[in-house]
Amino acid sequence: MLSDNLIFLRNIKGLTQEQVAEVIGISRQSYSKWEQGETLPDVDKCDKLARFYGVTIDSLVHSAEKIGHTPLAPAPIGKHLWGTVTLGSRGQIVIPKAARETFGLNEGDRLVVLGDEEEGIALVQADHFEKRMQEALRRSRLDMDE
């Protein structure tokens, strides 16, 4: 997992092994061995790698998420991927338990369904969305008064 994640993250950033090794303070050969799974970085180096890539140490070392058969890189800190859900015959989905717990969602909570025809669908807690819209309206009124 660690070796695959290092390769994914480095490629996402468009960096060479040498560039990452320089940031971490090691040789390119040492970094290459981590990507090949021949050796493992110590905790300090894992911490530097996680900070550099903007992920948690846990996700750097343990994440092996997939969508179908496609492996995914660890999600950035504060971002989550809880897998896939299946759309029911009447359009219903079950939000994964970990997602409900992370966002404090309970039965009866209202969610706003947003969509982008190129990017897809997103769910936002209605209370948060409404507060942001009210703030945007308030600001636009202030701008018009000036």
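Me: Which residue does Arg51 form a salt bridge with, and how far apart are the closest N and O atoms?
Reply: Arg51 bridges to Asp47, with the closest N and O atoms 3.0 Å apart. A salt bridge here is a side-chain nitrogen of Lys or Arg within 4 Å of a carboxyl oxygen of Asp or Glu. This is a predicted model, where local features need pLDDT of at least 70 and side-chain atom pairs count only at pLDDT 80 or more, while totals for chains, interfaces and linings use all residues. Residues are numbered from 1 along each chain as its sequence is written, and side-chain values use heavy atoms, with hydrogens and water left out.

Me: OK, and where do Arg51 and Asp47 lie?
Reply: Both are in helix α4, four residues apart, or about one turn of the helix. Helices (H or I, at least four residues) and strands (E, at least two) are DSSP runs, numbered from the N terminus.

Me: Why does a spacing of three or four places matter in an α-helix?
Reply: An α-helix has 3.6 residues a turn, so residues three or four places apart point the same way.

Me: Is Arg51 buried or exposed?
Reply: Arg51 is exposed, at 65% relative accessibility. For the cut-offs, buried means under 20% relative accessible area, exposed over 50%, and partly exposed in between (1.4 Å probe, protein chains only).

Me: What does Lys48 form a salt bridge with?
Reply: Lys48 pairs with Asp44, the closest N and O atoms being 3.9 Å apart. These two also lie in α4, four residues apart. Lys48 is partly exposed at 35%, and Asp44 is partly exposed at 41%.

Me: How many salt bridges does the structure hold?
Reply: There are eight. One of them joins the side chains of Glu130 and Arg110, at 2.9 Å from N to O. That pair links distant parts of the chain, with Glu130 in helix α7 (residues 126-145) and Arg110 in the loop between α6 (97-103) and β3, 20 residues apart. Glu130 is partly exposed, with a relative accessible area of 33%.

Me: Which residues are linked with Arg110 in a network of salt bridges?
Reply: Asp127 and Glu130 are linked with Arg110 in that network.

Me: Switching to α2. Which of its residues are buried?
Reply: In α2 (residues 17-24), the buried ones are Gln17, Val20, Ala21 and Ile24. Looking down the axis of α2, they fall within an arc of 100 degrees, so they line one face of the helix. The arc is that of the directions from the helix axis to the C-beta atoms.

Me: What sits on the face turned away from the buried side of α2?
Reply: The exposed residues Glu18 and Glu22 are on that face.

Me: And what do the buried residues of α2 pack against?
Reply: They pack against α1 (2-13), α3 (28-36) and α4 (43-53). Contact means heavy atoms within 4.5 Å.

Me: What follows α2?
Reply: Gly25 does, and its phi is positive, near 90 degrees.

Me: Now α3: which residues are buried there?
Reply: Tyr31, Ser32, Trp34 and Glu35 are the buried residues of α3. They cover an arc of only 155 degrees around the axis, which puts them on the same side of α3. The elements covering them include α1, α2 and α4. Just after α3, Gly37 takes a positive phi of about 75 degrees.

Me: What's the relative accessibility of Glu35?
Reply: Glu35 comes out at 7%, which is why it counts as buried. Leaving out residues up to four places away in sequence, Glu35 touches Ser3, Leu6, Ile7, Arg10 and Gln17.

Me: Which ring does the charged end of Lys13 sit over?
Reply: The ring of Phe52, with the charged end of Lys13 4.9 Å from the ring's centre. The test is NZ of Lys or CZ of Arg within 6 Å of the ring centre and within 35 degrees of the ring normal.

Me: Last topic, the strands. In which sense do β3 and β4 pair?
Reply: β3 (residues 111-116) and β4 (residues 120-125) pair in the antiparallel sense over six bridges. Two strands pair if DSSP finds at least two bridges between them. A hairpin joins β3 to β4 through three residues, and Val112 stands opposite Val124 in β4.
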